[in-house]
Amino acid sequence: MYTGRQVNRETSKHGNKASLYTCVRVYLSTLSLWLLPLTFLALAFFFPLSKILAFTLSPSTLTLENLRNTQHVVLFTFYQATLSTLLTLLLGIPSAILFSRFDFRGKSLLRALTAVPFLLPTVVVAASFNSLFGTHGLLSTFYSFLFPLSSFTLHPSPFILILIAHLFYNTTIVIRIVGAALSNLNPKLEQAARSLGADSLRVWLNVTLPLLRPSILAASLLVFLFDFTSFGVILLLGNSQLSTLETEIYFQAVRQFNLPLAALLSIIQLLCTLAVSILYSKYAIRSTQYASRSTPSRRPKTLKQKLFTTSLIFLLSTFFILPLASLPFRSLTRLEADRGQRSEVQYGFTTDYYKELFINRRGSVFYVPPFQAILNSLTYASATVILSILLGFPAAFALAHPTRLEKILDPLIMLPLGSSAVMLGLGFIITYGKWLASPWLVPFAHTLIALPFVIRALQPAIASIPNRLRQAASTLGASPLEVWKNIDLPILRRATLAAATFAFTISLGEFGATLLISRPEYPTIPVAIERFLSQPGGLNYGQAMAMATILMALTTASILLIEKFRLPNASEF
Amino acid sequence: MKPLHFPLSTLLLSSFLFLLSSCAPAQPATLTIMTHDSFAVSEDVVKAFEDANNVKVVFLPSGDAGSMLNKAILTKDAPLADVMFGVDNTFLSRALDEDIFESYASPELQNIPDEFKLDPSNRATPVDYGDVCINYDKNYFAENNLAVPQSLEELMKPEYNGLLVVENPATSSTGLAFLLATVAHYGDSFTDYWQALKDNGVVVVDGWETAYYTNFSGSSGKGPQSMVVSYASSPAAEVIFAETLLDDSPTASILGPDACFRQIEFVGILKGTQNHALAEKFIDFMLSEQFQEDMPLQMFVYPVNQNAVLPEAFLKYAQIPTQPATLSPAEIAANRDAWIQAWADVMMR
């Protein structure tokens, strides 16, 4: 096996005279790789965050009482994030196998749909779950149709609801990152183990799983950090009884105006993130083997495979498609109780909500024309993809062949995911002030969140490319650019697609909304949804559902399109 | 690097400046208004102000009222805007203590009743008010032959068990307003009242959107609770934004003594503005009948200007409580955290 680490060791083993020169050269070249990503992180993250922390932090908050209260919150934050991550892996890994090993009808669509929850506003997800499980939802209507006399009640505790919501949101991370690694595995290894008499379980446990370790760890880290800093889900479903560090920071900063305590909590949250990331970098051994012919996916053949695929497809469809399908359903349904007949809710078909989207009935300054919102969302998302890939590639490259510098930088890359959006937003305000009104800053804010994903998606794939391939190409006279184009790019196709999809969905989901002052001239789809849901009335609710349906359709179409976009194939050599 | 030839660089610079100036003849000044995210106004109303004063008005939605105030306080040395709208009476003291507003006594103040003028130094000027009240689902009560509760006390009756959904005052300004109503009514024993509500199955959610659209049975969400803490103007909104033409609102408000809390929203000129004269004109404009009559259907609030005429839907379906609960901004500022904490100790245990 060739790994970056071994290559480094080999170079240092060669002549002692040249070692100093090599050392300097390696440092200079990695430094140049780091130049852009680090400048970006410094300007968009470290500088504004340290400025707000320095501005607000005061030693007087370090009281025993505050620390004792914090301890409780920290423990719960870790507890729910760990449980959520384990659950997500439990569903995500089999799903990754399903998507990368098997062919079935509707595969691309189902895979694209699993990414949709990732970017839906929490309020909309809650509404979709409600229209499914609520007292007048689809399920209870169906249930009372089947069993007219018994009543349907489903009341999971807030904690269970949080876990389910995290599972709903983050399974796509595991599917994409582990799935990309699975497709890149060398099929010969598994074939060899099988020909030596190992059954499929042993092949899986002793060969496949160890090879997948880096990608599983990378996915777990991202899922964990997302659950760790979860905000909307906890506020919405926690029934006001459960709070995490992130919700506590928001509460202290925005509601109590206790910025010093919020700053202290942010630092604790950052330290936790840093500790988790350091642990990750320590145990994630970056050694996967690149396969010149990747494992093809095929239709399920044996009974066991058929059982596995059918049951998993059924599970994923119920879990993802049913709640999502309730949005378009609701956006086309008039829900009307005739006066005096409350128990009989009448359903009727209507396209009014969509028609109404195009009318600025009240002549409001803040009216959002749907096509304008779609165009704005797409522009921001495309800019985010380009920017985050441009910044993520060199960083992932440097991290795939780590020197001492990378060991320090590696955990720092993840910090933006672990910082409180509220505090970072306030940091932006005091650092960049009036510049914040520029719409150009929106893709930069989205890139801040997308960058850790892009890097973590690319890095295991880059590390899997044996250096001998690059060396061979340069010996044959290829320029560094040609080497990159003909060796790296084809091998990195899947990982790049996964990275681009993440960047795209993160931006479409408007993760930066809380970070910056939004400009009403350039509203995005999530902004439009929030506007509708902030006022009472059936028409507003229906329009929010219609807008959410548009966002869903747009996402699904974009993901399918990204996956269609084929880079040169890897099987050329 | 060799410096540019002097004449060449001057030529370039001057032609660039010329281009800039020719692109925008008589560039109007820009007036920036910081608002909360719920702010809305009609296009033609803003246009009228812009045309009359040769100014371009830019709105900066800056999160909820709390986030907006935070941002304004943090940037008070280099303000992001000229005017800030949307601080309400629960946050007013904080804004005044931080001294972010300039004092300005608008001539339009003569049309505004004194009960709304909470800042004697005229740094914060009242613009609108609204009452946070409990809305109920008319059909539910009619169908179940249940009497509608008329006061805070009656909500403790067993027949209303599990029927009320409220917002957490720690995360929602609507929830905070209702908590303040109970504080105004019961004084220090408000925690006993909440204990009784808790025993009677009150449901607590994070914010208004969830309470109204997911839990309330009178809205499109068709949830399980038939009473929700919302606004006295919500029944009018249900008619205006109905899916089909309605001749009556599906909801109404409970208007008993102290059952509603009055929120008053203020505007102020941010200290450090370069557009003082225009900012003053904008305040006058916000208090003018044109703007005040536009507000009800845009933001579902009531005008403070007593000459402003209300839209028909408001007169028909929105009710005004005769005896809303009030507390002074100073009292709220001094005790808000302690009240929320006491509430949480009762409800979250």
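A nonpolar core is here a set of buried Ala, Val, Leu, Ile, Met, Phe, Trp, Tyr and Cys residues joined through C-beta atoms within 7 Å. A residue is buried if 20 or more other C-beta atoms lie within 10 Å of its own, exposed if 12 or fewer, and partly exposed in between, with C-beta atoms placed from the backbone.

The model is predicted: local features need pLDDT of at least 70, side-chain atom pairs count only at pLDDT 80 or more, and totals for chains, interfaces and linings use all residues. Residues are numbered from 1 along each chain as its sequence is written, while chains are lettered from A and ligands numbered from 1 in the order in which they are written.

**View 1. The largest nonpolar core and A:Leu458.** The largest nonpolar core has 258 residues, of which A:Val178, A:Leu458 and A:Met547 touch the most other members. At least three of the core residues come from each of domain 1 (26-129 + 263-314) and domain 2 (130-261 + 320-347) of chain B; domain bounds are from an automatic or database domain assignment. Leaving out residues up to four places away in sequence, A:Leu458 touches A:Gly392, A:Phe393, A:Ala396, A:Leu492, A:Ala495, A:Thr496 and A:Ala499. Contact means that the C-beta atoms of two residues, placed from the backbone, lie within 7 Å.

**View 2. The contact between chains A and B.** Chain A gives 50 residues to this contact and chain B gives 55 residues. On the chain A side, the elements that each supply at least two residues are α5 (122-133), α10 (232-237), α11 (245-255), β1 (333-337), α18 (421-432) and α24 (538-564). Helices (H or I, at least four residues) and strands (E, at least two) are DSSP runs, numbered from the N terminus. The largest share of the chain A side, five residues, comes from α24(A).

**View 3. The two domains of chain B.** The C-alpha centres of domain 1 and domain 2 of chain B are 28 Å apart. Each of these domains of chain B puts 17 residues into their contact. On the domain 1 side, α4 (92-97), β5 (125-137) and α12 (312-317) of chain B give two or more residues, and the largest share, three residues, is that of α4(B).

**View 4. Helix α3 of chain B.** Eight of the 10 residues of α3 (residues 65-74) of chain B are buried. The buried residues of α3(B) include B:Met68, B:Leu69, B:Asn70 and B:Lys71. In chain B, 54% of the 349 residues count as buried.
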